[in-house]
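Please look over the sequence and the model together before reading on.

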Amino acid sequence: MKQRVSALLREKFGREVILEKPKDRSFGHFATPIAFSLAKELRKSPMAIAEELASSFENNDVFSSVESVKGYLNFRLSENFLSEYGTWALENQTDFAKQEKNEKILLEFVSANPTGPLHIGHARGAVYGDTLLRLARHLGYDITAEYYVNDAGNQIDLLGLSIQLEGRATVLGEDVQYPESYYRGEYLTSLVDGAIEKFGIEILSDESRQKELALWAKDGVMNIITKDLGDLNIFFDTFVNESSLYDDWERVLHKMGDSIYEKDDKMWIASESKGDEKDRVVVREDGRPTYLAGDIVYHNQKFERGYAHYINIWGADHHGYIPRVKAAVEFLGYDSAKLEVLLSQMVSLLKDGEPYKMSKRAGNVILMSDIVEEIGSDALRFIFASKKSDTALEFDLAEFKKQDSSNPIFYIQYAHARINTILSKSNFTKEEILKSSFKGLDENADSLLFDALLLPEIIEDAFNSRQVQKLPEYLKALAASLHKFYYDCRIIGNEDEAKLLKLFLVVALSLKTGLSLMGIEAKDHMSKEEEFTTAI
RNA sequence: GCGUCCAUAGCUCAGCUGGAUAGAGCAAUGCCCUUCUAAGGCAUAGGCCAAAGGUUCGAAUCCUUUUGGGCGUACCA
């Protein structure tokens with residue numbers, strides 16, 4: 001819709017025209033301040049220019065009116081245009097708001113270490129990534145969702161140790177000495193049980209078998225992680241194991257040539273020359289690769305797979321890591337501009353005023369699965385998707401648990417359910433409704449139709465700007481328009497009942513499509529919990 | 001110290017590539033169910049958009065500085 005108008009104006013004026021949505025619908029559907037920018041070069045007042053431009057728009061299929069107000073050019077879309085578009089949308093529901101971008105994108109997100117269940121901070125990145133994924137798919141991108149599994153390195157050794165400690169303390173009843181860092185949590189008990197079953201109880205005390213234990217255990221942890229993600233409707237296309245990449249190490253080293261050098265018995269990458277603060281160690285004196293080494297092979301492998309664009313979603317605490325990875329990509333001979341790193345900021349959770357410090361190594365984590373259990377996947381997804389991902393978010397768990405009108409997901413679901421209820425109460429059949437015309441709608445109805453048809457622009461804008469919160473913001477506003485319309489205008493029995501129902505079908509389509517892009521299923525009915533009143 | 005992100009209503013947050021009177025939810029106050037689910041609607045109140053400069057016809061938005069925060073600044077991930 002906007003593209004159409006925008007293209008029309010571009011053709012007419014021979015330049016890109018800024019198109020905006022006026023705050024007040026009485027100004028029209030779209031507006032442009034173009035007269036202000038033309039004022040200088042034409043040496044005329046914006047008002048005069050706007051007047052001239054407005055009067056040049058006669059006999060137009062798209063606009064019913066073009067007016068100049070205080071230098072702005074305000075456009076009102078014609079009934080014909082809106083009506084045809086609305087009808088098209090209902091006839092092509094699955095294609096509504098879809099596009100064919102046809103670009104191959106690799107989206108890597110979550111990638112939490114396979115050493116424990118996901119916590120609330122991971123959930124934010126997961127929701128952000130999955131929402132982007134869904135938006136991109138809808139826009140026709142050929143996008144792959146990938147999870148990078150860090151199944152090599154210190155954290156894996158620590159997993160083996162942690163299982164042994166847990167087992168020795170709880171099963172063998174030993175008085176164990178805990179080191180400074182080790183994992184703890186309920187999931188370890190089931191791993192201990194599984195390990196005993198698989199390897200026999202002696203594995204708990206054999207330090208030489210820690211690695212073996214860990215490599216077995218990480219698969220169990222990955223099962224927990226993918227199950228938790230599945231509960232949030234998040235699914236990955238591919239998993240890449242860090243451990244599988246090191247066979248390639250020699251070749252990748254060679255590929256980077258002089259940018260890798262040896263000093264003090266260690267291997268370094270000359271990342272400082274590419275904007276990093278300093279050069280970094282990639283292989284230690286004892287031959288063990290650092291974390292960065294894994295990322296170098298991994299990114300080489302990514303680029304060799306040949307995508308047009310790469311998106312990584314990282315926790316914001318890794319932001320300092322971006323320059324060195326980009327440097328490595330450059331050294332490998334690729335364009336680091338193709339690699340886009342998006343950050344998912346910290347989530348701080350309060351509970352009765354107590355701040356929770358989120359650290360995976362401390363025992364005191366808020367498990368994502370616990371929150372999903374308490375408030376549900378829909379509410380969690382909605383709240384995370386509603387906030388800009390790159391700004392810190394703080395919320396109180398107590399507030400989060402409320403399941404009333406303060407929860408916007410209920411508000412939107414209620415709007416969708418309302419439409420469904422009215423449809424089922426109407427005597428008109430779906431065919432009759434679809435056959436009726438949008439023409440002759442009053443201003444409020446016209447405005448609602450326009451709002452509902454705005455979804456395609458919102459989706460494209462949300463993805464292009466990587467600001468997924470634009471979608472929930474839009475859905476909230478559309479639901480509000482629907483609720484208000486519903487209150488003001490009785491549908492059943494209205495002389496325009498069929499066409500109003502058709503209008504509602506468009507609203508429902510946008511709500512449903514929008515929700516599905518957030519991984520939320522639109523509800524047709526809201527069941528209100530019975531309130532029992534005590535008899536006196 | 002350096003890098004980076006941020007600062008908008010009492011609270012949690014929106015505010016599109018600069019544009020018409022600064023927005024929502026919660027909390028507060030007052031209304032609206034003989035009417036399609038009141039999980040709803042309406043109204044009131046609440047703001048020197050952290051501060052100061054600058055660019056512009058026009059700034060919450062862009063630039064600089066200051067103040068106050070988060071995060072990073074590892075051969076940890």
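A crossing of two helices is called left-handed if the near helix is turned anticlockwise from the far one by less than a right angle, and right-handed if it is turned clockwise. Helices themselves are DSSP runs of H or I with at least four residues, strands are runs of E with at least two, and both are numbered from the N terminus. With these terms in hand, one can say that the crossing of α17 and α19 is left-handed.

This is a predicted model, in which local features need pLDDT of at least 70 and side-chain atom pairs count only at pLDDT 80 or more, while totals for chains, interfaces and linings use all residues. Residues are numbered from 1 along each chain as its sequence is written, chains are lettered from A and ligands numbered from 1 in the order in which they are written, and side-chain values use heavy atoms, with hydrogens and water left out.

To return to the helices, α17 covers residues 443-452 and packs against α19 at an angle of about 160°, with the two axes 10 Å apart. That angle makes α17 roughly antiparallel to α19. Here the axes are lines fitted to C-alpha atoms, for helices over the stretch in contact, and angles run from 0 to 180 degrees between N-to-C directions; angles under 35 degrees count as roughly parallel, over 145 as roughly antiparallel, 65 to 115 as roughly perpendicular, and the rest as oblique. Helix α19 (residues 470-488) also meets helix α20 (residues 497-517), their axes coming within 10 Å and crossing at roughly 155°. Helices α19 and α20 are therefore roughly antiparallel to each other, and their crossing is left-handed.

Turning to the chain as a whole, chain A contains 20 helices and 14 strands, and its C-alpha trace spans about 85 × 80 × 40 Å along the principal axes. Chain A has 536 residues, of which 51% count as buried, where buried means under 20% relative accessible area, exposed means over 50%, and partly exposed lies in between (1.4 Å probe, protein chains only).

Several loops can be followed residue by residue. In the loop between α4 (79-91) and β4 (104-108) lies Ala97, which has a positive phi of about 70° although it is not a glycine. Ala97 is buried, because its relative accessible area is 5%. Further along, the loop between β4 and α5 (120-138) holds Ser111, another residue that is not a glycine and yet has a positive phi, here of about 45°. With a relative accessible area of 13%, Ser111 is buried. Thr115 also belongs to the loop between β4 and α5 and is buried, with a relative accessible area of 1%.

Two residues of the loop between α6 (154-170) and α7 (187-199) can be set side by side, and one of them is Val171. Is Val171 buried or partly exposed? At a relative accessible area of 38%, Val171 is partly exposed. Together with Leu172 and Ile201, Val171 forms a nonpolar patch on the surface, with about 210 Å² of accessible area in total. Such patches are made of residues with over 30% relative accessible area and no salt bridge, like charges being joined within 9 Å and nonpolar side chains (Val, Leu, Ile, Met, Phe, Trp, Tyr) within 5 Å. Tyr183 is in the loop between α6 and α7 as well, but Tyr183 counts as buried, at 2% relative accessibility. The C-alpha atoms of Tyr183 and Leu158 are 7.4 Å apart, with 25 residues of separation along the chain.

Finally, the structure holds 25 salt bridges, each being a side-chain nitrogen of Lys or Arg within 4 Å of a carboxyl oxygen of Asp or Glu. In one of them, the side chains of Asp248 and Arg251 meet at 2.8 Å, N to O. Asp248 is partly exposed at 25% relative accessibility, and Arg251 is partly exposed at 41%. Asp248 and Arg251 are linked with Lys255 and Glu304 in a network of salt bridges. Another salt bridge joins Asp276 to Arg280, with the closest N and O atoms 2.9 Å apart, and both Asp276 and Arg280 are buried.

Methods. Accessible areas come from the Shrake-Rupley method with a 1.4 Å probe; for residues, only the protein chains shown count as cover.
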